[in-house]
Amino acid sequence: MSLETTYRILAESKQPETVDVLESGLTTGDASTRQHCFRTLAIRSCARSHQLVIDRWQAYRDEIVKATVGHRDGLSDTVIACLETELSSDKRDDSKLDTERTSTLTQMVLAFSIREALPLMIDAACNHSSHVVRQQCVDTVIAISSVWGKQARRHYAGQRPDPNIERLRLALTTQLFDCAKNFQRHRSEQLLDAFLVLSTWNDPSLRSALDSDNACRTLILRRLRSSRQQAVMELLAGFIRRRSIPECLLGLMLQRCDAMYCETLLQVITPEPTAVTLANLKEYGLPDCLRGGVSLLRTLGIDRDSAIAHAYTMAMRHDPETIAVLMEILERHRTRTNTSEKAYDAVAICLGRCEVPSLDYWLQAIRSDRIELVLNQENDTEATPETTPPAATVQPTSAKTAEDDGESSNGFSNSESFEDRAAEVCMRVVRWAEESSSRFSKPALRLLRELNINNMLPLFPTLTADERLRIGRMLLRIDPATLDVVRDGLRHAVISRRLEAIEFAQTLGLVDLMIEPFTMIVHSDHQRARLAAAEALATAQCDESAGLLKELATSPLGSLRDAAKESLNRRGIAV
């Protein structure tokens, strides 16, 4: 006969000597033989066989776990019976408590995930006289409840639970809720954690605990605020996905700000948040644990980028720091990873949610010296964002600038200046706006919508020379209508608009491209415009502009003649 047949006979035999045969097999040095014996003992229906497995647990734990897979029903019943006997021995005055035996049984309950043993262990965790036993029981209850509660909460993701298992879970939450109400007797905060980790958002016991304004609710809220149990934080963070959030939890959910809760909340939000999650973020604002913008983002893994992008653009769409966060996410995915495509998709959606910054914000950026970095960058360093996102900044020419600002070539600086941060945001947005082949080009151009030539021309006379130059060079990069608007401005019926256009063309060195409208101005315009044109022609280089200046140098108007001669002298042309 084969060995399998032999062990099958031993499993079905009613003879008491069979157990002795299998027990002798447990002493052999052959691991395969021991595993066959453990499996056969677990299959047998007699308590003595199961007792042999329990007695060998500490020595052969891993072998027993592996050997008994699929054959634990009878063994589990024996474990529960033995555990009940051990725990009830506490009530007999003449008993000697064996905590090692209890430890073995609780370890088997945990290893086999024997849920039917939990009511017994919960009662012992509340009432047993031994602190060691209470701790063994409560640790086992929390471990099993954490896994069980997580599976139950997945029911809300479409996974239907077994009705019988669900009834048992609800009965246990009721038992744990009763323990919570009797907290003053056992003083075990871990039992409160067990209640929370086993609960789902719609459980009657949890709703009852949160609805009534009493000491029990205070204890529950305190554990939700401070517990380090992952499942407790998951329960609290999960309310962000609920249509109805208990009022007592709303502030707590938004104000808890430890790092573990931050990670849990982002995990709950997911890279593809539900409509309810997005609506809650929009209505209640950004949770405190997610505040920090770019600084916070750098402390998180790149797998959280999509979730934090959605959170910021729903809760803080009006804040320019949200744009900085999105730009930083694109920079973080310069090197493609498995999560890069999801991050790109999220940023593409989120850029469309951001409010367009006001013109004043972009003016703040222009006033920062850091904007020179983007204006002075070399054209041949540009890259295609779809394959390799461009760095938003280049290395500053001054080593002192890098040291003072804490800047890296690929990241935002540590400067707290509002103008510098605005400049850094502007740098990155402009870089993406210039990449016409990128999916982020149009969203970036939308964010720069207020920074256009029509809005800037009226402000030009009020700005410093450096600011004018920066704005003009910026507009030439992002606004294709700039040259046409300047050309039309030189022909405008209102003299003030013509003067603005002349000054703009002079500042940016565009006079050579505007010879035709400048010719009309010097021939037939108002004297103020002719004087401004004469001064502007000093910045030109073409022969046509020199001819116009020579023509003006013979004008009967002394002021115009002098201005033309001065421009010719500046160009080194003899009068």
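These are my notebook entries on a predicted model of one protein chain.

**Entry 1: overall make-up**

I began with the secondary structure. The protein chain has 35 helices and 0 strands. I then looked up burial: of its 575 residues, 51% count as buried. The chain exposes about 26,700 Å², and carbon and sulfur atoms supply 49% of that area. For contacts with a separation of 6 or more, I found that 71% join residues 24 or more positions apart.

**Entry 2: helix 3**

I checked the length of helix 3, residues 31–43. At 1.5 Å a residue, its 13 residues should span 18 Å, and the end C-alpha atoms are 18 Å apart, so the two values agree. Next I listed its buried residues: Arg34, Gln35, His36, Cys37, Phe38, Thr40, Leu41 and Ala42. What do they pack against? I found helix 1 (3–12), helix 2 (17–25), helix 4 (47–55), helix 5 (57–67) and helix 6 (73–88).

**Entry 3: Arg304**

I went to the loop between helix 19 (293–297) and helix 20 (305–315), where Arg304 lies. Is Arg304 buried or exposed? Its relative accessible area is 18%, under the 20% cut-off, so Arg304 counts as buried. Its side chain makes a polar contact with the side chain of Glu263 at 2.9 Å. Leaving aside neighbours within four places in sequence, I found Arg304 in contact with Glu263, Leu266 and Gln267.

**Entry 4: salt bridges**

I counted 33 salt bridges.

Asp55 and Arg101 meet through their side chains at 3.2 Å, N to O. This pair links distant parts of the chain: Asp55 is in helix 4 and Arg101 in helix 7 (residues 99–112), 46 residues apart. Asp55 is partly exposed at 44% relative accessible area, whereas Arg101 is buried at 18%.

Glu321 and Arg421 form a salt bridge at 2.9 Å, N to O. Glu321 sits in helix 21 (residues 320–332) and Arg421 in helix 26 (residues 418–434), 100 residues apart. Arg421 is buried, with a relative accessible area of 17%.

Arg439 bridges to Asp345, with the closest N and O atoms 2.7 Å apart. Arg439 lies in the loop between helix 26 and helix 27 (441–447) and Asp345 in helix 22 (residues 340–353), so the pair ties together parts 94 residues apart in sequence. Arg439 is partly exposed at 30% relative accessible area. Asp345 also counts as partly exposed, at 36%.

Last, I looked up the network. Salt bridges link Glu189, Asp193, Arg222 and Arg223.

Notes: Residues numbered from 1 in each chain as written. Predicted model: local features only at pLDDT ≥ 70, side-chain atom pairs only at ≥ 80, totals over all residues. Heavy atoms only, no water. Helix = DSSP H or I, 4+ residues; strand = E, 2+ residues; numbered from the N terminus. Expected span 1.5 Å × (residues − 1). Buried < 20%, exposed > 50% of the residue type's maximum accessible area, 1.4 Å probe, protein only. Contact = heavy atoms within 4.5 Å. Polar contact = N/O pair within 3.5 Å; in protein donor to acceptor, adjacent residues only side chain to side chain. Areas by Shrake-Rupley, 256 points an atom, 1.4 Å probe, with all protein chains shown as cover. Salt bridge = Lys/Arg side-chain N within 4 Å of Asp/Glu carboxyl O.
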